[in-house]
Number of protein chains: 2
Amino acid sequence: MDTAEATALIADMGTRARTAARIMAAAPTAQKAAALRGAADQLRDRAVAILAANATDMARATAAGLSPALLDRLRLDDARLDAIADALHAVALLPDPVGQLIDTRTPDNGIVLSRVRVPLGVIGIVYESRPNVTIDAGALCIMSGNAVILRGGSEATASNAALHAALTAGLLGADLPADAVQHVDQPDRAAVGALLAANGLIDVLIPRGGKALVARVQADARVPVLAHLDGNNHIYVHAAADPAMAQAIVVNAKLRRTGVCGAMETLLIDSAYPEPAALVTALLDAGCTLRGDDRTQALDPRIAPATADDWTTEYLDAIAAVAIVDGPDAATAHIAAHGSGHTDAIITADDAVAERFLATVDSAIVLHNASTQFADGGEFGLGAEIGIATGRLHARGPVALEGLTTYKWVGHGTGQVRA
Amino acid sequence: MDTAEATALIADMGTRARTAARIMAAAPTAQKAAALRGAADQLRDRAVAILAANATDMARATAAGLSPALLDRLRLDDARLDAIADALHAVALLPDPVGQLIDTRTPDNGIVLSRVRVPLGVIGIVYESRPNVTIDAGALCIMSGNAVILRGGSEATASNAALHAALTAGLLGADLPADAVQHVDQPDRAAVGALLAANGLIDVLIPRGGKALVARVQADARVPVLAHLDGNNHIYVHAAADPAMAQAIVVNAKLRRTGVCGAMETLLIDSAYPEPAALVTALLDAGCTLRGDDRTQALDPRIAPATADDWTTEYLDAIAAVAIVDGPDAATAHIAAHGSGHTDAIITADDAVAERFLATVDSAIVLHNASTQFADGGEFGLGAEIGIATGRLHARGPVALEGLTTYKWVGHGTGQVRA
């Protein structure tokens, strides 16, 4: 597929998505929820075909030498299909943001002005190997009244097509347009380029994947992007931290799952914290590699020297950088200099110090006495997430249904003309 | 100034703005308001110097042959300076959005999660000939706790520098950093290019000016943009509209001021509306040129035939397109096909028809029985506006202080670790 063909393909899909978006924007909550429940039934009915399609993808990916980690992301089985179907039911139960009243005011002119939530319109989602994103992202877009064009990883083409067919059947079964969720089946990259250039056709692009994908989307997109960048997350253990709590949170934040964006990557220990050696020993003994500044190296001979790069690295592995800092201001200065604005936490029993930290650190999520691994839409009570936004415009942190809406101003007058 | 010099200049300004932004984000409301009131005093104290600088710009612009309309935009006088100072006092009285609690939830994990408003960070504003934007935009950025880099029109360089100096003096007088409002004095366009490319230094760019400026910013920016595009606004006069109200609103919406973005550009008259001839006659008699479809041409011989372009044109002049439509669905279909999503209105005494129109038309502002000329932050009770956003991400419609903020998630735990 050359550029012109890709542009024509996306133009056609975008036009059909716009038409579908108008219908989705007006669809009642019950109808959207019925589409999702119908899609869950379809997933179960079509399980054999979906797993066969996935087996095709797996065989091709194995032959192409994909890493075990990528193969695991690509793989579907009965348990994973069940989890995907359960997620559809969960999204169907979420409160519908469309039509929600944000606020109302009546200025001196007497026009009653309200802000009412409406869908964003047409969303493009570019993602990598996990086929469950096809359903998860499609479901969130349906429930928020949008139309979406999905472009999954080329290694998951057959799986995505089979999952997408279930979603389409769910839509049609609820008398909603199949074009509300379209999937770009072409595996070549020209289609991604055309999506990124589809200004006016696509209202917002959401990349879901590794750094290279997000960086390409941010660099090339002519369409607004809701992006998820690095989570170089810090935990600052203050002088007044309870040592047992600090140790439990730090080990959990680093090692519960090392590959998630909410994992702690740098540990900052206050120089007045009473038990620094026990804290680093707990991490080291649990299998974590530590790279530290001079003062932390003195705590344990297993701590290697940190280079400048360590303070900005998102390891996504059982590795952490560790530094001793002299007080809360030094901690927040370190985070301001090296952090990525994702999730940062303080452990302290001193509420005043905690409040100052929470106010000063300019990150999407700031936590007091809790593990950074809670950075997740489900854990935040949003029911799901389409990603964690690290930009500053529109939505910040975990993005779920509300983040897929905008608002309009609705004004009721009685014949007002402007003087 | 070549590209490298411009890049270095903006990198330096951006770095200083980031430092200032951290201070502004923590500044109490009273301190920010004091800076604005101090700047208003400075404007009055420096009036002679400011008007002299403006006279220099005016002489240069006159010699360069600028149009009378552009010269009028550039011109300052005592009355206009007073109005600018009054605007500073008005912004100083607005509610401070920073620190506002948006919502709070406590999910099953027991972490108390709140969304709290915080400033966007570093804002870039690129504008054209009106020097008052230097103060208006600077004031809104200060009051919302941001830092801003202003780049005004090259023809207003001396005026902008003089106005900017008053704002800086106001900041310093309130112990706030002068770098919170910086102005790019270099008149050449390389500085604009560097601003557009300043990804990571500038959090959001706001273009304020004509179509060519906004289009350039949207095409070239590597930074998120909050843009104001066309206002191709419609008024649909429904069959059940009160004729006196319809006539008053339509004439006001088109002719009160023809150059504003809220002006009506297309009039849609329902084929069942009882007095279409009187409606078009009122516009024609008031000096408006009308371009209509076949059925409207039959109403009055002064109505010229409309071409396809007329349905999408923002005239910003005493010209309107006019069409007869068969019912509300035809009206909303016309708006969906040709509108720009800015401001559209319905005139009707039938509330059910009005509600359907307001729900169906996907524009930033939808109005019932009111003139489209109310599309304005001041009229909406926002106290001011930095622009009217026609995009769908972040803010939509009039943007004032709240639109210059984002939020962060603040979580209070009691030692939670994730299972």
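A crossing of two helices is right-handed if the near helix is turned clockwise from the far one by less than a right angle. The views below are taken from a predicted model.

**View 1. Helices H10 and H11 of chain B cross in a right-handed sense.** The axes of H10(B), residues 243-255, and H11(B) come within 10 Å and cross at roughly 35°. H10(B) contributes B:Ala246, B:Gln247, B:Val250, B:Val251, B:Lys254 and B:Leu255 to the contact, and H11(B) contributes B:Ala278, B:Leu279, B:Ala282 and B:Leu283. Sorted by class, the residues of this contact are 8 nonpolar, 1 polar and 1 charged.

**View 2. B:Gly287 lies in the loop between helix H11 and strand S9 of chain B.** The loop runs between H11(B), residues 276-285, and S9(B), residues 289-292. B:Pro177 is 110 residues from B:Gly287 along the chain, and the C-alpha atoms of the two are separated by 51 Å.

View 3. The axes of H2(A), residues 29-45, and H7(A), residues 157-173, come within 7 Å and cross at roughly 135°. On H2(A), the contact residues are A:Ala35, A:Gly38, A:Ala39, A:Gln42 and A:Leu43; on H7(A), they are A:Leu163, A:Ala166, A:Leu167, A:Ala169, A:Gly170 and A:Leu171. By class, the contact has 8 nonpolar and 3 polar residues, with no charged residues.

**View 4. Helix H14 of chain A has a buried side and a face turned away from it that carries exposed residues.** In H14(A), residues 351-360, the buried residues are A:Val353, A:Ala354, A:Phe357 and A:Leu358. They cover an arc of only 130° around the axis, so they are on the same side of H14(A). An α-helix has 3.6 residues a turn, so residues three or four places apart point the same way. A:Ala352, A:Arg356 and A:Ala359 are the exposed residues on the face turned away from the buried side of H14(A).

**View 5. The buried residues of H14(A) pack against elements of chain A and a strand of chain B.** In chain A, their partners are strand S7 (233-237), helix H13 (328-338), strand S12 (343-347) and strand S13 (365-370). Chain B supplies strand S16 (405-416).

Notes:
Residues numbered from 1 in each chain as written. Chains lettered and ligands numbered in written order. Predicted model: local features only at pLDDT ≥ 70, side-chain atom pairs only at ≥ 80, totals over all residues. Heavy atoms only, no water. Axes fitted to C-alpha atoms, helices over the stretch in contact; angles between N-to-C directions. Helix = DSSP H or I, 4+ residues; strand = E, 2+ residues; numbered from the N terminus. Contact = heavy atoms within 4.5 Å. Nonpolar A, V, L, I, M, F, W, Y, C, P; charged D, E, K, R; others polar. Buried < 20%, exposed > 50% of the residue type's maximum accessible area, 1.4 Å probe, protein only. Arc of directions from axis to C-beta.
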